[in-house]
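Visitor: I'd like to learn how to read a few features off a structure. Could you walk me through one?

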Amino acid sequence: MSEVVADIPARENAPVAPVEPERKGLTKKEIAADHPTWCPGCGDFSVLALYFKLIEKRKLWHEKITTVSGIGCSSRFPYFVQAHGVHFIHGRALPFASGISLSRPDLHVFVFSGDGDAFSIGGNHFNHTARKNIKLTVVCMDNWVYGLTKKQTSPTSPLGFKSKTDQWGAVDYPINPMKQAIAAGATFVARTTASNPNHVLQMMEAAMDHDGFSFVECLSECVEFYEGAFDAANPRKGGLFKEIPKDHDPADEAAAFKLAGTDFPGYFGIFYRVNKPTKNAKEADINKGFMDKVKGLKDWQILQKTFDRMK
């Protein structure tokens with residue numbers, strides 16, 4: 001088989017592309033899209049505002065950031081961000097985001113989810129994405145209730161919570177998102193609350209900078225169907241915002257797991273952070289190994305070798 005397409009040589013005296021001046025960071029006006037449709041007072045407004053602030057602060061241009069979600073109140077997030085992103089299927093945001101991260105490791109991939117989307121229908125995907133240590137950031141806006149479908153018990157609803165699905169009060173033990181993330185293999189696990197915006201921004205920044213699967217649980221009050229759920233963690237409502245003790249070692253998995261089991265309102269901050277090889281890096285090494293075997297060959301020659309092996 002002969003080559004039919006020759007390499008195209010560079011033209012003589014071809015114009016040189018001008019050097020682009022340093023780009024300015026995006027402004028909130030450039031990254032804000034549709035007006036948010038959450039109920040007035042919803043904690044998700046705080047998370048969205050701080051995501052905008054994060055993009056502005058870190059100069060994350062449109063082509064370098066992707067916003068992915070599943071289904072739920074919090075998962076309407078991509079509608080409100082003027083950037084590349086997807087409002088995906090219920091509970092399936094993580095496998096979709098995994099594909100983006102693995103194929104485009106140069107992007108910052110953010111997944112915004114709710115407690116139902118992440119830990120009910122999406123629970124299995126959460127566990128496997130965490131254990132594979134795929135490089136992306138998950139922010140779970142946990143409100144302890146299914147809000148979009150008008151008040152059903154969610155995986156994080158506390159015992160005794162009365163809803164349309166548990167009119168007598170919830171009897172199933174709730175999931176502890178922090179414990180689950182640590183046990184599943186997440187290499188960065190943090191906790192914050194929408195009522196403390198400065199802290200939310202700190203946790204999102206730290207999660208974004210982590211090379212691996214990073215998870216942030218953000219308590220986000222549903223003022224319509226579970227008003228006052230997180231008052232105990234809000235000093236403005238007589239609660240207590242306790243940051244993780246300064247002597248805590250975030251690399252100590254057992255200590256992080258123990259902290260995660262503290263009675264509500266618990267602690268806030270980075271519970272667990274450890275560096276491990278990511279699936280992104282491992283797959284890149286595998287791909288390089290295979291490409292080294294066909295180094296110097298053109299695409300059609302590689303394809304021909306594959307055909308020859310099939311004879």
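**Cysteines, a helix pair and a glycine**

Guide: Let's begin with Cys-42: its sulfur lies 6.6 Å from the closest cysteine sulfur, the one in Cys-73, and that is too far for a bond. Keep in mind that this is a predicted model.

Visitor: What is a disulfide, in general terms?

Guide: It's a covalent bond linking the sulfur atoms of two cysteines. The cut-off used here for the sulfur pair is 2.5 Å.

Visitor: How many disulfides does a search of the whole structure find?

Guide: The search comes back with 0. Cys-222 is in no disulfide either, and its nearest cysteine sulfur, again that of Cys-73, is 6.3 Å away.

Visitor: Are Cys-42 and Cys-222 buried or exposed?

Guide: Buried means under 20% relative accessible area. Cys-42 has 15% relative accessibility, so it counts as buried. Cys-222 is at 10%, so it is buried too.

Visitor: On to helices. How are two packed helices described?

Guide: You give the angle between their axes and the distance between those axes. Take H2 (residues 44-58) and H7 (residues 197-209): they pack at about 55 degrees, and their axes are 10 Å apart.

Visitor: Which residues of H2 and H7 meet?

Guide: From H2 there are Ser-46, Leu-50, Tyr-51, Lys-53, Leu-54, Lys-57 and Arg-58. Facing them from H7 are Pro-197, Val-200, Leu-201, Met-204, Glu-205, Met-208 and Asp-209. By type, the residues of this contact split into 8 nonpolar, 1 polar and 5 charged.

Visitor: And a loop residue: where is Gly-147?

Guide: Gly-147 sits in the loop between strand S4 (136-142) and helix H6 (177-184). Its relative accessibility is 10%, so Gly-147 counts as buried. Setting aside neighbours within four places in sequence, Gly-147 is in contact with Cys-73 and Phe-225. Gly-147 and Ser-74 are 73 residues apart in sequence, yet 9.3 Å apart from C-alpha to C-alpha.

Visitor: How many helices and strands does the protein chain have?

Guide: There are 10 helices and 8 strands. Of the 311 residues in the protein chain, 45% are buried. Among contacts with a separation of 6 or more, 68% join residues 24 or more positions apart. The C-alpha atoms fill a box of roughly 75 × 45 × 40 Å along the principal axes.

Key: Residues numbered from 1 in each chain as written. Predicted model: local features only at pLDDT ≥ 70, side-chain atom pairs only at ≥ 80, totals over all residues. Heavy atoms only, no water. Helix = DSSP H or I, 4+ residues; strand = E, 2+ residues; numbered from the N terminus. Buried < 20%, exposed > 50% of the residue type's maximum accessible area, 1.4 Å probe, protein only. Contact = heavy atoms within 4.5 Å. Axes fitted to C-alpha atoms, helices over the stretch in contact; angles between N-to-C directions. Nonpolar A, V, L, I, M, F, W, Y, C, P; charged D, E, K, R; others polar.
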